[in-house]
Amino acid sequence: MHPNEFVAFIAALMAVNALGVDLMLPALADIGHQLAIATANHRQWIITVYMLGFGAGQLIYGPLADRFGRRPVLLITLAGFVAASVFAASSATFAALLGARVLQGLMSASTRVLAVAIVRDRFSGRQMARTLSVAQMIFFLVPILAPSIGQVLLAFGPWRFIFYALATFAAVVLAWSVVRLRESLPVERRTPLSLASLRHAYALTLSNRFSAGYAVAASLTFGGIIAFVSSAQQIFVDEFHAGPRFTILFAACAFSMGCASFANSRLVERLGTRLISQSAVLGLIALSILHLGVIASGFENLWSYMIFQALSMTCIGLCGSNFGAMAMEPVGHIAGTASSIQGFITSVGAVIVGSLIGQSYNGTTFPLAIGYLGIGLAVLAIVFVVEGGKLFHARNAG
């Protein structure tokens, strides 16, 4: 692939998962009414169980990809995602829909693992972070556009159309993979699928403080995204009564993350992953404290929330790809399995954090603001320990 096509392809892989989360946000109320979901907070499980499947599935695909190569694993799971999307579209009960969503998450987990592994097969360090940032910049267009696309689909048919659209997009990425993707892992670099090799890879990934520490840090910041996505419709529609503008307001917050990824792709090779990400963590803490002050003083409104949310998402966007690159750097020789383990930690940890914050929604933005402050402080503590008490200190051109 040409470098530009390669970045676009990686972004498309990431977009399969992003669409799986964001495309149905405008339809949550319709799904709740038709399937008799008890409360608005219960609707969040449509997002949460998908992410649980997404997290659990990542443990499987890395070892398989290190043994059999990236391409065959990707082709099989993309086909599985297509089937799971059709299953979701035909669900007659809430339980059946949740089952389909878990299956969707399990299948889409490969896109995260293999996107990182394929990039790591070709790049490392700051160059890897730059490549992931460019891909994520394109990828972040998805949450900007997805709710609007979902709204358009709802104008032409029921919420089931959204799942058929997911199946169609995944089928396009599958066809692209069949035609254009070449295997990035040579046969001589493949590792046998055995308990001994898995035990060695797990021990190496989990015992390295940079690998494990930055994976946990990434899980916390990703949890902030899940908390926002899960409660966005309730905040914008129920609290601020901005239903007609929901897709635009959601897109504005997502756009801030896209801008952050674009800035990171331009600056990371010059400033380094540590300076950028650690500054962003401090920024998130400061913003959360200010936001809590606004809420406590009674001055919170739609526009104050939008400003603080967009800026917080910018800080989170400056952490994601950098934390991922720093976590992967010491375990590049087992990129597939390491990506699985780190992805599991990141995704499942994010689901736990995001669900705790999202399910705490009480009709105000306070739970989200206090959640972001807790995330920022916890990430800062982790980074401080991982870096041996030194912040803003470049290490191995990272």
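Visitor: How far is the sulfur of C315 from the closest cysteine sulfur, and in which residue is that closest sulfur?
Guide: In this predicted model, a disulfide requires two cysteine sulfur atoms within 2.5 Å, and a search of the whole structure finds 0 disulfides. For C315, the closest cysteine sulfur is too far away for a bond. The separation is 7.2 Å, and the residue that holds this closest sulfur is C319.

Visitor: Is C319 buried or exposed?
Guide: C319 takes part in no disulfide, its nearest cysteine sulfur being that of C315. For C319 the relative accessibility is 2%, so C319 is buried.

Visitor: How are α13 and α14 oriented to each other, roughly parallel or roughly antiparallel?
Guide: Two packed helices are described by the angle between their axes and the distance between the axes. Here the axes of α13, which covers residues 273-296, and α14 come within 8 Å and cross at roughly 155°. Because angles over 145 degrees count as roughly antiparallel, the relation of α13 to α14 is roughly antiparallel.

Visitor: How many nonpolar, polar and charged residues are in the contact of α13 with α14?
Guide: The crossing in which α13 passes α14 is left-handed. On the α13 side the contact includes R274, L284, L287 and H291, while the residues on the α14 side include F308, N322 and both of the cysteines C315 and C319. Divided by class, the contact of α13 with α14 has 16 nonpolar, 7 polar and 1 charged.

Visitor: What is the handedness of the crossing of α11 and α14?
Guide: Helix α11 spans residues 209-239 and helix α14 spans residues 302-328, and their axes come within 9 Å while crossing at roughly 155°. That angle is over 145 degrees, and therefore α11 and α14 are roughly antiparallel to each other. The handedness of this crossing of α11 and α14 is left-handed.

Visitor: How many charged residues does the contact of α11 with α14 have?
Guide: Residues of α11 such as Y214, G224 and F228 belong to this contact, and among those that they and others in α11 meet in α14 are Y305, M313 and C319. By class, the contact of α11 with α14 has 18 nonpolar and 4 polar residues, and the number of charged residues is none.

Visitor: What is the phi of H241?
Guide: H241 is placed in the loop between α11 and α12, and at 63% relative accessibility H241 counts as exposed. Most residues other than glycine have a negative phi. H241 is not a glycine, yet its phi is positive, at about 55°.

Visitor: Which residues does T247 touch, beyond those up to four places away in sequence?
Guide: T247 sits in helix α12, which runs over residues 246-271. Its relative accessible area is 13%, so T247 is buried. Not counting residues up to four places away in sequence, T247 touches P147, S148 and Q151.

Visitor: Which residues is S85 in contact with, leaving aside its neighbours within four places in sequence?
Guide: S85 is found in helix α5, made up of residues 70-89. With a relative accessibility of 0%, S85 counts as buried. Once its neighbours within four places in sequence are left aside, the residues in contact with S85 are Q104, F163, L166 and A167.

How values were computed. Residues are numbered from 1 along each chain as its sequence is written. This is a predicted model: local features need pLDDT of at least 70, side-chain atom pairs count only at pLDDT 80 or more; totals for chains, interfaces and linings use all residues. Side-chain values use heavy atoms; hydrogens and water are left out. Buried means under 20% relative accessible area, exposed over 50%, partly exposed in between (1.4 Å probe, protein chains only). Helices (H or I, at least four residues) and strands (E, at least two) are DSSP runs, numbered from the N terminus. Contact means heavy atoms within 4.5 Å. Axes are lines fitted to C-alpha atoms, for helices over the stretch in contact, and angles run from 0 to 180 degrees between N-to-C directions. Angles under 35 degrees count as roughly parallel, over 145 as roughly antiparallel, 65 to 115 as roughly perpendicular and the rest as oblique. A crossing is left-handed if the near helix is turned anticlockwise from the far one by less than a right angle, and right-handed if clockwise. Ala, Val, Leu, Ile, Met, Phe, Trp, Tyr, Cys and Pro count as nonpolar, Asp, Glu, Lys and Arg as charged, and the others, Gly among them, as polar.
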